[in-house]
Amino acid sequence: MRPNAENFEEFARARTPHLYRTAWLLAGDRHHAEDLVQETLAKMFRAWRGVQRIDNPPAYAQTVLVRTFISQRRRRSWTEQPTPDLPERAERPGDHALRLSLQNALAELAPLDRAVLVLRFFEDRSVEQVALDLGKNAGAIRTRTSRALDRLRTVLGEDAVHLITL
């Protein structure tokens, strides 16, 4: 396969829903998630000529997404706040209060802690995969996971036991 714009467009269409799901869990809102996916795809497009050297382009895209998120949150200029007025939207099935609780609890965590939990439990990656994606060692990821889960349990309180339904 020779990398070209058509190949990238096909890749982007196939991976965007998965990238968006991860981005939403990391960023905590739709607008930031969309921006994060857009920035990730732009970075992937710039690297697309060398895609043949990448063993697993979808995993590489996830790594780019998580590292972009962490990089954005480290900037001092990260002060944008969502507006309190929400547009009307269709109701989706599920427990809205629980989803909001999870979203708020994840927002309480440090960006790297949030990234570790999202990759480990929502993306179902192994400790070793997360360590590789984030450029950390496996022991650091285990420690960070344990501490982040403790913090998440503290923030969620009684709602922690209901997360299985998500």
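How many residues does helix H5 have, and how far does H5 reach from its first C-alpha to its last? The legends below, drawn from a predicted model, start there.

**View 1. Helix H5, residues 111-122, and its surroundings.** H5 has twelve residues and reaches 15 Å from first C-alpha to last, close to the 16 Å expected at 1.5 Å a residue. Nine of the twelve are buried, leaving H5 mostly covered; among the buried ones are Asp113, Arg114 and Arg120. The cover includes H1, H3, H4, H6 and H7. Just after H5, look for aspartate 124, with a positive phi of about 55 degrees.

**View 2. Aspartate 29, in the loop between helices H1 and H2.** This aspartate 29 is buried yet has no salt bridge: arginine 73, the nearest side chain of opposite charge, is 5.7 Å away. Its side chain does make a polar contact with the side chain of histidine 32, at 2.5 Å. Leaving aside neighbours within four places in sequence, aspartate 29 is in contact with Trp24 and Gln103.

View 3. Glutamate 39 is partly exposed at 27% relative accessibility, and lysine 43 is partly exposed at 30%.

**View 4. Glutamate 108 and arginine 151, another of the eight salt bridges.** Their closest N and O atoms are 3.1 Å apart. The pair links distant parts of the chain, with glutamate 108 in H4 and arginine 151 in H7, 43 residues apart.

Conventions
Residues are numbered from 1 along each chain as its sequence is written. This is a predicted model: local features need pLDDT of at least 70, side-chain atom pairs count only at pLDDT 80 or more; totals for chains, interfaces and linings use all residues. Side-chain values use heavy atoms; hydrogens and water are left out. Helices (H or I, at least four residues) and strands (E, at least two) are DSSP runs, numbered from the N terminus. Buried means under 20% relative accessible area, exposed over 50%, partly exposed in between (1.4 Å probe, protein chains only). Lys and Arg count as positive and Asp and Glu as negative; His and the chain ends are not counted. A salt bridge is a side-chain nitrogen of Lys or Arg within 4 Å of a carboxyl oxygen of Asp or Glu. A polar contact is a pair of N or O atoms within 3.5 Å; within protein, one must be able to donate a hydrogen and the other to accept it, and residues adjacent in sequence count only if both atoms are side-chain atoms. Contact means heavy atoms within 4.5 Å. The expected span of a helix is 1.5 Å times one less than its number of residues.
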